[in-house]
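Dear colleague,

I am handing over the structure below, and my notes on it follow directly after. Please read them alongside the coordinates.

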Amino acid sequence: MSSKHDAAMGAQATLVPLHGGLERKARVLDKEAILIGRAHGCDIRLESAEISSVHCLVTRGSDGWRLRDCNSRAGTRLNGDQVKVSRLHDGDLVQLGPFCFQVQLPELAKAGPAGGHEVQRLQKSRRRLVKLALTMRRRLQELAGPLGMLFPEDLNRKASGLRQRIRSYNQRLTQLEEAERDLCQDRDILEREREAHRSHVDKVERELVARLKEADAEIRRRWQDFQKRCDLARRSLAYENEDPELSDSGLLPQI
């Protein structure tokens, strides 16, 4: 079993890890397109801050294998040179950030897909695409029947009705915009009136405070005068009680 597995591995294109802390297990290029990056959906996942989510792509075409950089942050290097798209050869060194791989392309894997199993797979895919195309064509024909019944009078009538509705909506939109402008103007007028009313209220409050202060001062002054008169009245009564002759002679103080 081990010899058969090694023989199968030897007939396939692989990427052998050399540096970067990965296991020395070869990554088999068993698809037409191999996605390499940090994202979970990649075929070969590399965990490093220097590796982009989708870093690069290895594809197989009729002329062999190619390496394509996917606008990665750190870039993709082939044999020390930074590349965007380049063809791969046996023994090439691919450097992706801290990781380094050696390309192994056996003679059977250097060319494009030409094996019997690959041809069968491509033919099966072609038949599936043809079947899908026929199904979509049949669905379009089924939809074309009801739509054909509407041409041209019905569709023209529906189009005219839609245009009228659009014009009606545009008129309503214009009316709403005018109403909004009027509302904004009324709001500005109301705001100015409120500011004027607030200023008037503040002025009236200041005047009331000033009048209250003046009234309080007048009340205190009159109260003091009243107390003075009361004192004079008490003195007059005291003089009259002590010497009535003074009161008759007019020598008492006058109130």
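Among contacts in the protein chain (heavy atoms within 4.5 Å) between residues at least 6 apart in sequence, 35% join residues at least 24 apart. This is a predicted model, in which local features need pLDDT of at least 70 and side-chain atom pairs count only at pLDDT 80 or more, whereas totals for chains, interfaces and linings use all residues. Residues are numbered from 1 along each chain as its sequence is written, and side-chain values use heavy atoms, with hydrogens and water left out.

Of the 255 residues of the protein chain, 18% count as buried, that is, under 20% relative accessible area with a 1.4 Å probe, protein chains only. The accessible surface of the chain, from the Shrake-Rupley method with a 1.4 Å probe, comes to about 19,600 Å², and 54% of that surface belongs to carbon and sulfur atoms.

The secondary structure comes to five helices and eleven strands, taken as DSSP runs (helices H or I, at least four residues; strands E, at least two) and numbered from the N terminus. Six of the strands form an open sheet in the order β2-β1-β11-β10-β7-β8, with antiparallel pairing, where two strands pair if DSSP finds at least two bridges between them. Because β2 (27-28) and β8 (81-83) stand at the edges with a single partner strand each, one side of each is left without a neighbour in the sheet. Within this sheet, β10 and β11 (residues 99-104) pair in the antiparallel sense over four bridges, and valine 94 stands opposite phenylalanine 101 in β11.

Elsewhere, β3 (residues 33-37) and β5 (residues 56-61) are joined in the antiparallel sense by four bridges, with threonine 59 in β5 as the bridge partner of alanine 33. Strand β3 also runs parallel to β4 (residues 44-45), to which two bridges join it, and isoleucine 36 stands opposite isoleucine 44 in β4.

Aspartate 92 is buried yet has no salt bridge, and the nearest side chain of opposite charge, arginine 87, is 8.5 Å away; a salt bridge here is a side-chain nitrogen of Lys or Arg within 4 Å of a carboxyl oxygen of Asp or Glu, and for charge Lys and Arg count as positive and Asp and Glu as negative, while His and the chain ends are not counted. A polar atom of the aspartate 92 side chain does, however, lie 2.7 Å from the backbone nitrogen of histidine 89. Leaving aside residues up to four places away in sequence, aspartate 92 touches Leu78, Asn79, Arg87, Phe101, Gln102 and Val103.

Best regards

Technical notes
Buried means under 20% relative accessible area, exposed over 50%, partly exposed in between (1.4 Å probe, protein chains only). A polar contact is a pair of N or O atoms within 3.5 Å; within protein, one must be able to donate a hydrogen and the other to accept it, and residues adjacent in sequence count only if both atoms are side-chain atoms.
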